[in-house]
Amino acid sequence: MLLNFIGCINHDDKNTIHSFKLIDIRFSSPTVAAGTPITVTTIVQSIVSDTVYYEYEFFIKRPTDSIFYNLNRRIQISIDTIQTIVPDCIDSYWKIVCRATTRNQTDSIIKIVRIAQYTIDHHPAYLGTDASCNRCHSIFVQSWQQTAHATTGNRRIFNSNWLTHCNSCHTTGYELNYSNGGYDERPIERFDHVQCESCHGPSEFYGVSFITHQVHQGFIDSKLAIQSCGNCHSQSHLSIYTEWLGSGHARSASVSHILHTLPIVERNQCVGCHIYTESIKKLKYNLNLEYPTDSTRFDGIGCATCHTPHNHSLHQWKDLRHSPDVLCNQCHQSNIDGTPTAYQIPYHPQNDLLSNNIQAIFGHEFFNLPSNTEHSEWSNQCSVCHLYSTPWSYGSIAFTNHQFRPNYLTCKSCHPQATTEFIVERQQPFQDSLSILNHQLEFLKNEGDTLSFEFRQGRWMYWFFSKDGSLGIHNPTWTRHILRSVIMRLDSLIQN
């Protein structure tokens, strides 16, 4: 049952009324459709014109087959109108009793309302998960029931804004522009919470007719669009989508014009970390990837790449497909098979550096690198720094950091003195070393000395640390040691 009280009367208790009578209980419609809200207003006639404080008591008797049957109760309020009582049983009758009381008198009135069939004007219509998807996809429904989506209706804040601000994201089918049987027309339990149809669309035609697998697949895939998640996960108290728009993940498809020029084998290796649909294949199915032929599919790494709304895996990481580090490492490594060569550019090698993967370093045999360094000992290294967040509280905005930018506050557990300036100061020596290395490479290139091992190794290291992007933070010990050694070797080459 859903009740929202409206229509309060401005009463004055300083005068005494001699007599009053309840004349009628009026409904918003004489015949109410199943699943639609009704407004019940009590009409009072005062024998004396003085104003007085009334206390109203509504009692709603529902049919025994109503899903709200166990919620029968008296509603004691100080207003003459209640909205909404939601009838849900076709061809049944609901009895509504209202009793009004003053200090001197009590009067009661009874009204019966008949519940008729609800008519849907817009198709396809919403059916609800139990009436459609659960018949064939029960395993996904069972998994979905473990997610936060399955209980979103319980987390609405029932204030003056809840109808317009909360229902569209906490229920299924709340679409005011269409009369398609969703929660705005039928605010009953069947359409409460964020169900299958919230993401996949109304299932009327799929649920009641035989259709081809192609149509079914189109129905399922049509709502994989990142904007489908962003419609709700971008509100003032949950700004995930808004933050994501400013992330490198959102821009990952911007290299599609470069991928298009690569040989087909190399191109197909890249799309799993740059194109949305292919990234889902990579993480969910481990399927062969292909370069999309439809340009409209060039979205960046998005929500369903990392998250599964079905929560099918049911592990400790809730709705993530894997643990944070496993997810990040799928793409944030140099992806070089075997021993790297001087001509293989180490794209996005963050995990290789953070986890001390010495085999990913070109010419690693020339360096005496330690096997354990500061940050490699952390568990879930990526999420510790790159997903620093603050929770939502009423009246404030949640910060989920889906821009994936590191925050100095995460450093304070080990570095209590950490500030933004503190981080920049520690990055500056590495920035200076990369600038020196770049000048050395440019000098040797102008001199025509690009074939020596020292030049090729120095160029590779410049690529490696530049594309890592952390300016030494991921692995200060390795970065400091390698850059110092490479610069010294190139100095000797230049002097000779």
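Two disulfides, defined as pairs of cysteine sulfur atoms within 2.5 Å, were counted in the predicted model. The model is a prediction in which local features require pLDDT of at least 70 and side-chain atom pairs count only at pLDDT 80 or more, whereas totals for chains, interfaces and linings use all residues. Residues are numbered from 1 along each chain as its sequence is written, and side-chain values use heavy atoms, with hydrogens and water left out.

Cys 169 belongs to helix H2 (residues 162-170) and Cys 232 to the loop between helix H6 (226-230) and helix H7 (240-244), so the bond ties together parts 63 residues apart in sequence. Helices are DSSP runs of H or I with at least four residues, and strands are runs of E with at least two, both numbered from the N terminus. Cys 169 is buried at 15% relative accessible area, while Cys 232 is partly exposed at 24%; buried means under 20%, exposed over 50% and partly exposed in between, with a 1.4 Å probe and protein chains only.

A disulfide also joins Cys 273 to Cys 331, with an S to S distance of 2.1 Å. The link of Cys 273 and Cys 331 is left-handed as well, at -90° about the S-S bond. Cys 273 lies in the loop between helix H9 (264-270) and helix H10 (276-285), and Cys 331 in the loop between helix H12 (324-329) and helix H13 (350-354), 58 residues apart. Cys 273 is buried, at 12% relative accessibility, and Cys 331 is buried at 17%. With bonded cysteines counted along the chain, the pattern is 1-2, 3-4.

Other cysteines were examined for bonding. The sulfur of Cys 133 has its closest cysteine sulfur in Cys 196, at 3.9 Å, which is too far for a bond. Cys 133 is buried, with a relative accessibility of 10%. Cys 385 takes part in no disulfide, the nearest cysteine sulfur being that of Cys 411, 5.5 Å away; Cys 385 is buried at 15% relative accessible area.

Strand pairing was also assigned, with at least two DSSP bridges required between two strands. Strand S8 (residues 93-101) and strand S9 (residues 106-116) run antiparallel and are joined by 9 bridges. A hairpin of 4 residues connects S8 to S9, and Cys 98 stands opposite Ile 109 in S9.
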